[in-house]
Amino acid sequence: MMRTGISQTQNTTDAGLFAFASLPIGSYTITVEKGGFKTSKQTGNKVEVNTPLSADILLATGEVSEVVTVQAGAEQLQTSNATIGNVVEQKAIEQLPLNGRNPLTLITLEPGVVQRSSGAAGSGIHVNGSRDRAFNVTIDGIEANESSVPNPVSNLYRINPDNTQEYKVTTNNATAEEGRNSGASVSVSTRSGTNEMHGTVFYFLRNNALNSTDFFSNANNTGKSVIKLNQFGGEAGGPIIKNKTFFFGSVQDNQVSFTQPIDQTFGVPVVYTAQARAGLFRYFVPDPANPLVINGTTITRNNRLLVDPKTGQLRVPVCATNSSVGCVRTYDIRGAANNTQGRSFDTAVAAILSTYPQANNFSAGGDGLNTAAFLWNPPTQIKGPAYMARIDHTFNESNSMFGRYLFSDYNTLKGDPLNGRPQVFPGTPPLGEVFRRTSNLALSYRRVISPRVVNEFTAGYARFQFLFTQGEANPAFPNVPPFDFNSISEPYNNTPRTARAITTPQFLDNLSITSGAHLFRVGINARFYRHVDQRGQPGGINVTPAITFASGNRNPFIVTSGSNVTPNDGFSPATGINTSTDNVTLGGLINNL
């Protein structure tokens, strides 16, 4: 091998066949010697991951001291097997653009690969029409799958362009070593040290200060989204003992801060308007004889078209008398006629509502009169380092081994927009965060038992842990308000955490036997799968104490016992108006117990 100076020798069979099984990837020089013939030397024989290489060498008559050197070229046709696939080499990994420095994203450039960007089941990577979960990803032969929601580009173990030598994507007719899943096989090979000392340090930066404000941010007056990406680290490799023992290591740290529009990750947060928070609820009184039409829509009840979409100012007059129509009437819950017992605001609910921001958009959510939207770009952070260490050692021509270890933390903080759990309002705790920890170990031993028999044994494990905090993302948990509002959004939840830990010990053994003009390979691949779940809600049921606000008999009230109250006849949840009595929902502002 040219990079390490390690060599191996064997005699051909009577048929002139030679085979070096289970070689490390790299560039090799093949030298053939026999008495009465010139020595033939073929350079540039490139061995790629999970890809057999054929080399045909001709000997010319002459003295052994005479050397004929031939530069090998790439094979024009793969004749060793019927596998359809492609090797992504280190040069491509290093030089092609990679958002986030994830080399596995290059899978999307392979023939037959389609990427769907929509959420929910079925999204992700599809190969030749297969399901997005029909993949098998290995790193140095060891399991590297996220088994519950597998996606080959998710890169759980945080490999990067510095520690990846190359990987092969097999999309059809996988061999026995690569098989297991019907979609595609992705075989990753990590880098090793060489006889030359080398190292690199890097720093990658993205910052929204270098960007312009996009069209939608301008339209919603929310300011440009924040993108601050800082990735830094380095790699180093070289000899411990020349031509014998080598080391390689890499480290990368991720510090990413970004914002994303709330309506893309949560929906439109709805808050009370300033008037409703003060106890003044408004409702539109239509004029049957002269219907109000705005922008081609006939208005018969509360509608966002009744107010200015930016300021919330009324576009129709306030009713001058109780008999006026075609106008907006006000219901003051503090007035003596409507609050006969002189009750004050419920302190518990008022304390929660005091944390809500003022509405800033009257066209995206709510009825515009009593409820409206608050649009903004909640912050999110992604943090965590990734490490890799590898040692390669050759005892002699017949015995060699390597050990490799990967470790990473990759945590989503200040919110979990991917799973619809961002920070709902500024200053409130996020609905959840995600903590990810992974490790992957590979130990491999290669032994040449005889010139015709080679065995390679690999053992290791894969482990990843996901912790999805929910209520725990709130420092006050478990003292979270048990209130469930009907007409506005809640910036909290009281659902406990969900955790998942998957550990997969594995061993595999490949035995290669050369006989006559044939090479036979047999082996075993055993994986022991252990999946442990801790669910915050059994069976996926989220149980929250319910408080429902109702109105009736012109005296609205709040129920705080945890019971569910069905709205009275004529009550419209969409507008909060009881069309039979002109009552309005209070949203919990009055304590009438």
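Select Lys 383 and then Asn 411 in strand 22, which stands opposite Lys 383. The model is predicted: local features need pLDDT of at least 70, side-chain atom pairs count only at pLDDT 80 or more, and totals for chains, interfaces and linings use all residues. Residues are numbered from 1 along each chain as its sequence is written, and side-chain values use heavy atoms, with hydrogens and water left out.

Strands here are DSSP runs of E with at least two residues, numbered from the N terminus. Two of them pair if DSSP finds at least two bridges between them. Strand 20 and strand 22 (residues 411-413) are antiparallel and share three bridges.

Next, select strand 21 (residues 399-409), which is antiparallel to strand 20 and joined to it by ten bridges. Thr 394 faces Ser 400 in strand 21. A hairpin of two residues leads from strand 20 to strand 21.

Now colour strand 13 (residues 245-259) and strand 20 (residues 379-396): 15 bridges hold this antiparallel pair. Find Phe 258, whose bridge partner in strand 20 is Thr 380.

**Stop two: Asn 136**

Move to strand 7 (residues 135-139) and select Asn 136. Is Asn 136 buried or exposed? Asn 136 has a relative accessible area of 3% and is therefore buried (under 20% relative accessible area, with a 1.4 Å probe and protein chains only).

Show the side chain of Arg 527 as well: a polar contact of 3.3 Å links it to the side chain of Asn 136. Such a contact is a pair of N or O atoms within 3.5 Å; within protein, one must be able to donate a hydrogen and the other to accept it, and residues adjacent in sequence count only if both atoms are side-chain atoms.

**Stop three: cavities**

A cavity is a set of points on a 1 Å grid over the protein atoms alone, where a 1.4 Å probe fits but cannot get out; lining residues have an atom within 4 Å of a point. A volume is the space filled by probe spheres set on the points, which are joined across faces, edges and corners.

How many cavities of 30 Å³ or more does the structure hold? There are three. Select Val 137, Ala 144, Pro 152, Asn 155 and Leu 156, which are the closest to its centre of the 16 lining residues. Strand 7 gives the largest share of this lining, three residues.

Key: Helix = DSSP H or I, 4+ residues; strand = E, 2+ residues; numbered from the N terminus. Buried < 20%, exposed > 50% of the residue type's maximum accessible area, 1.4 Å probe, protein only. 1 Å grid on protein atoms, 1.4 Å probe; cavity = no way out; pocket = protein on both sides within 12 Å on 5 of 7 lines; lining within 4 Å.
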